Amino acid sequence: MSDIKKVIKKQVLPLLPLRGLTVFPQMILHFDVGRTKSIKALEEAMINNQLIFLVTQKDAKDDNPEQSDIYSIGTISKVKQLLKLPGDTIRVLVEGIGRAEICEFVQSEPFFIVEVAEKIYNNIDNSAPDTEALKRHVLSTFEDYSKLSNKISPDVILSIESIDDLSQLSDIIGSNIPLKLEQKQDILNEFNPVVRLEKLLEMLLKEIDILEIEKDISAKVRKQMDKAQKEYYLREQLKVIQSELGDRDGVIGEVEEYRERLKTADFPEEVEKKVQKELDRLLKTPSGSAEGSVIRTYIDWIFDLPWNKMTEDVLDLEKAEEILEEDHYGLEKVKERIIEYLAIKKLNSSLKGSILCFIGPPGVGKTSIAKSIAKALSRKYVRMSLGGVKDESEIRGHRRTYVGSMPGRIIAALKQAGSNNPLILLDEIDKMSSDYRGDPASAMLEVLDSEQNFAFRDHYMELPFDLSNVMFLTTANNYETIPRPLLDRMEIIQISGYTEEEKLNIATRYLLPKQIKAHGLKESNLHTDEQTVRDIINYYTRESGVRSLERQIAAVCRKAATKLVSTNGKYIKINSKNLEKFLGTKRYRYEKVGEIDEVGIATGLAWTPVGGDTLSIEVNIMNGNGKLELTGQLGDVMKESAKAAMSFIRSKVDQFGIDKDFHNKYDIHIHVPEGAIPKDGPSAGITLATAMISALTGIAVSKDVAMTGEITLRGRVLPIGGLKEKVLAAHRAGISTVIVPIDNKKDIDEIPENVRKKIKFLPVSRMEEVLPAALVNFKVKPYINSKEEERLLMPDIQAVASEAPHADAVVEQ
């Protein structure tokens with residue numbers, strides 16, 4: 001490159017600060033001037049030679065720039081034209097002549113006048129190889145830039161390509177590319193044309209890179225927009241076609257409706273993603289296909305489930321207790337447990353749902369108490385019957401690959417409840433079975449485990465649902481048929497049968513008013529008394545619950561309603577005397593205490609699924625060869641108890657005053673009446689032994705004594721179950737003394753207080769303690785192996801004998 005010479009020319013010119021605008025030499029443009037200072041500078045220029053110095057101010061927002069707020073290098077320009085506009089604004093047309101640098105500010109008010117130095121570079125050899133190469137590179141790069149930007153007209157490109165002067169070339173290109181103000185000022189600041197051109201080339205290359213990125217982004221956006229427009233166009237066409245076919249909204253309208261619902265739905269993130277995926281599938285599915293209906297059903301299930309809907313528990317203990325007492329009589333353990341739950345929930349709001357299992361005979365209120373609990377807690381209530389369920393899919397649902405698949409009963413119950421913390425009653429959980437399709441009891445393990453059920457996955461839904469807030473209640477008649485792992489997950493609450501007093505209260509408080517109303521009667525139309533209700537309970541029903549009792553009361557109401565309508569009467573009086581006219585002949589009878597003490601007949605106590613009952617055991621002694629005959633349809637356990645009692649008696653013949661050779665001389669026949677009814681269980685052991693000893697000794701058994709307990713070969717009395725029901729049966733039969741195993745002494749507290757007051761309980765630990773209390777005038781002749789045994793045993797025998805119902809029981813030393 002040839003040597004470059006620099007020539008400096010100085011002159012004094014008015015200065016006009018520009019806002020957001022840079023003027024290059026050889027550039028013609030117009031702009032508006034409104035500031036007073038700038039207008040005066042223009043006027044000064046027009047008076048002289050129309051030359052003015054245009055320089056950019058650093059901050060475009062500054063209305064009154066100072067000397068330091070203006071760049072030092074600008075462009076000497078010639079004012080070509082002035083046009084006054086409304087509002088004291090002047091439009092100016094200028095032409096850039098050359099760049100110059102401020103040497104000195106001559107004047108600041110009323111407008112700027114500056115001395116500027118114009119630096120002109122001469123002797124630049126434009127034909128030099130390096131200069132030509134730079135020029136060509138710049139022009140080629142500018143051409144690439146113009147192709148990418150599409151903002152520069154072909155005429156401008158042709159005119160630029162015809163320019164040979166490097167200085168003019170750099171200024172024209174710089175004025176035609178949209179650079180930042182600082183970048184333009186950087187080009188303007190450079191007086192050397194070659195260096196200026198190199199800077200311009202660097203900026204052009206950067207701009208090309210930016211434009212290429214913009215082009216890629218634009219292409220992607222355009223492609224997406226084209227796709228969206230295409231889909232929109234096709235959807236509109238499809239809408240028209242579907243409208244012509246009678247399907248106005250079609251799949252697209254349906255999907256849009258789902259999407260709108262999804263925006264307002266409060267779903268977990270995983271559920272929301274699943275819905276979006278299924279909606280995309282639905283869009284691609286033909287409107288009439290079977291797959292489309294399957295997807296719609298699935299999406300509807302998702303929207304119907306209460307993912308985050310919850311009812312607020314009412315934690316008012318007094319109100320809850322009032323509701324439970326109002327709806328149910330008795331069931332104290334259940335009520336107490338619910339009040340405890342509420343109290344803990346009040347102290348710890350994060351308490352998870354409890355799983356209670358009510359086990360008891362039919363008709364005692366297991367199902368109805370669950371509804372009252374839901375009412376007391378102010379929770380939604382759903383009942384789910386599990387009786388006969390034998391398919392795992394009933395619990396977990398069917399997989400969607402099968403035709404007609406549906407969610408399981410748990411998910412269906414939550415949909416029915418409409419909240420994620422309902423009370424769900426799993427009724428008859430002991431009656432589930434299993435077959436080749438799976439074991440539903442195993443599926444229930446996850447449902448009823450509070451450590452696992454926070455993410456329960458139904459096979460149909462394939463989404464986790466939190467069951468930890470659900471309060472599960474289960475009912476069963478017998479816990480023996482419930483699998484042990486499932487039983488282990490539940491808190492067992494035993495509900496025994498109702499006593500006569502409880503049934504009386506339930507009938508008078510709930511059942512009778514309910515049936516009177518159901519049959520269109522008024523309380524004034526039906527007059528009855530307490531004894532009549534007792535007669536219905538004792539002679540027309542035999543159950544642990546009150547279902548049959550309600551049916552009998554309903555029958556009385558029907559007969560009374562018929563009689564009132566036919567006779568136009570005002571009321572019907574029902575009492576014990578005319579009860580048979582309404583209900584027919586008495587269906588049941590209960591054994592009462594005998595009139596006299598009898599030999600060989602002892603009263604035992606039995607437990608049945610419908611409550612307790614008394615059991616007369618009869619023993620006859622006959623000449624023979626020691627044969628033991630057992631009749632009355634006795635079970636194996638009861639037969640074994642009879643044999644154990646026989647062996648015990650044979651080991652104690654000296655003490656009881658029995659012939660040592662009786663087992664060779666006599667046949668013993670044991671019979672339990674009502675032979676059509678099967679009987680079994682170990683609790684008749686001491687009754688069998690007492691009846692046999694009575695028959696062998698000829699000493700009568702007290703008619704006022706009943707007993708229950710298992711006997712061992714050594715004469716120990718072991719505990720039994722169902723004491724409450726057995727004692728209630730004894731009370732009903734008029735028994736005044738009940739002999740119980742000493743280990744059952746703790747169970748006496750569960751017996752109603754009114755019954756406890758009327759019956760004397762004799763806890764015993766050995767058979768030797770039973771006999772003085774049960775046999776009249778029985779003389780015990782203990783055969784004791786050691787003085788220590790005598791010291792331990794004799795006080796117990798004497799104590800029991802002193803409490804016997806007959807005063808003349810004797811213990812011989």
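By class, eight nonpolar, eight polar and nine charged residues make up the lining of the second largest pocket. Here Ala, Val, Leu, Ile, Met, Phe, Trp, Tyr, Cys and Pro count as nonpolar, Asp, Glu, Lys and Arg as charged, and the others, Gly among them, as polar. The model is predicted: local features need pLDDT of at least 70, side-chain atom pairs count only at pLDDT 80 or more, and totals for chains, interfaces and linings use all residues. Residues are numbered from 1 along each chain as its sequence is written, and side-chain values use heavy atoms, without hydrogens and water.

The second largest pocket has a volume of about 680 Å³. A pocket is an open set of points on a 1 Å grid over the protein atoms alone, with protein on both sides within 12 Å along at least five of seven lines; lining residues have an atom within 4 Å of a point. A volume is the space filled by probe spheres set on the points, which are joined across faces, edges and corners. Of the 25 lining residues, D327, H328, G365, S368 and V546 are the closest to the centre of this pocket. Two or more residues come from each of α12 (366-377), α17 (500-518) and α19 (547-567). Helix α12 gives the most, with six. Helices are DSSP runs (H or I, at least four residues), numbered from the N terminus.

Two cavities of 30 Å³ or more are present. In a cavity, a 1.4 Å probe fits but cannot get out. The largest cavity holds about 90 Å³ of space. Its lining has seven nonpolar, two polar and no charged residues. Among them are L512, T528, V533 and I574. Helix α18 (530-540) gives the most to this lining, with three residues.

Across the whole structure, 35 salt bridges are found. A salt bridge is a side-chain nitrogen of Lys or Arg within 4 Å of a carboxyl oxygen of Asp or Glu. The side chains of K514 and E550 meet in one, at 3.0 Å from N to O. K514 lies in helix α17 and E550 in helix α19, so the pair ties together parts that are 36 residues apart in sequence. K431 pairs with E428, their closest N and O atoms being 2.8 Å apart. K431 is partly exposed, at 37% relative accessibility. Partly exposed lies between buried (under 20% relative accessible area) and exposed (over 50%), with a 1.4 Å probe and protein chains only. A network of salt bridges links K274, E278, R281, E291, R400 and E462.
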